[in-house]
Amino acid sequence: MAGNKTFTMIKPDAVEMNNIGPILAMINNAGYKVEALKYMKLTKEQAGLFYAVHKERPFFGELTEYMSGGPIVAAILVKENAVADYRKLIGATDPSKAEDGTIRKIFAKSIAANAVHGSDSDENAEIESNFFFSQLERF
Ligand code: CMP
């Protein structure tokens with residue numbers, strides 16, 4: 001059975017463009033409740049740990065540089081079928097391939113600066129949520 005939680009980050013490009021509010025509104029309008037929320041800046045090392053699965057990829061350096069270059073918003077989101085529905089809401093990783101009306105189509109600039117992250121499985125949603133939030137920060 002699909003889980004009911006996913007993890008997201010609003011990335012530095014979307015924060016820089018003052019799009020935190022509009023993106024959170026789209027998330028709420030899609031039926032998600034916020035279980036945890038944090039505004040912070042990652043170090044390059046922390047970004048590298050978060051994206052460790054991509055360590056061998058050619059874009060790893062660019063990705064960790066980018067993700068530590070400005071503040072991000074991290075959140076745990078709750079709804080039935082959370083992971084799959086959130087990936088539909090955000091659209092393809094490459095915004096030029098994202099469907100109309102998706103968060104990335106509306107707000108993303110490029111494949112690296114693609115506005116938001118969304119977990120790709122229930123297992124990763126839990127790992128990513130635990131990376132950012134303690135039990136005391138969840139409501
Ligand atoms: P995200 O969903 O956060 O997961 C991994 C990230 O790596 C992805 O979004 C993109 O921002 C980034 N990424 C994936 N492919 C590339 C690429 N070819 N060049 C630069 N960044 C990439």
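In which pocket does the ligand sit? The ligand sits in the largest pocket, where a molecule counts as sitting in a pocket if more than half of its atoms lie within 2 Å of the pocket's grid points. The model is predicted: local features need pLDDT of at least 70, side-chain atom pairs count only at pLDDT 80 or more, and totals for chains, interfaces and linings use all residues. Residues are numbered from 1 along each chain as its sequence is written, and side-chain values use heavy atoms, with hydrogens and water left out.

**Stop 1: the ligand and its shell**

The shell consists of Lys11, Tyr51, His54, Phe59, Glu62, Leu63, Thr93, Arg104, Ile111, Ala112, Asn114 and His117. By class, five of the shell residues are nonpolar, four polar and three charged; Ala, Val, Leu, Ile, Met, Phe, Trp, Tyr, Cys and Pro count as nonpolar, Asp, Glu, Lys and Arg as charged, and the others, Gly among them, as polar.

**Stop 2**

Next, display the pairs of N or O atoms within 3.5 Å, which count as polar contacts. The side chain of Tyr51 places an N or O atom 2.6 Å from an oxygen atom of the ligand. For Arg104, a polar side-chain atom is 3.2 Å from a ligand oxygen atom. The side chain of Asn114 likewise has an N or O atom 3.2 Å from an oxygen atom of the ligand. On its own, the ligand has 460 Å² of accessible area (Shrake-Rupley method, 1.4 Å probe), of which the protein covers 82%.

**Stop 3: the largest pocket**

Now hide the ligand and examine the pocket itself. A pocket is an open set of points on a 1 Å grid over the protein atoms alone, with a 1.4 Å probe and protein on both sides within 12 Å along at least five of seven lines; lining residues have an atom within 4 Å of a point. The largest pocket holds about 690 Å³ of space. It is lined by 27 residues, of which Tyr51, Val53, His54, Leu63 and His117 are the closest to its centre. Select helix 7 (122-132), one of the elements that give two or more residues to this lining; helix 7 gives the most, with four residues. The lining has 12 nonpolar, eight polar and seven charged residues.

**Stop 4: the second largest pocket**

Finally, move to the second largest pocket, with a volume of about 170 Å³. Its lining includes Gly3, Asn4, Lys5, Ile76 and Arg138. Helix 7 supplies the largest share of this lining, six residues.

Note on methods. A residue is near a molecule or strand if one of its heavy atoms lies within 4 Å of it. A polar contact is a pair of N or O atoms within 3.5 Å; within protein, one must be able to donate a hydrogen and the other to accept it, and residues adjacent in sequence count only if both atoms are side-chain atoms. Grid points are joined across faces, edges and corners, and a volume is the space filled by probe spheres set on the points.
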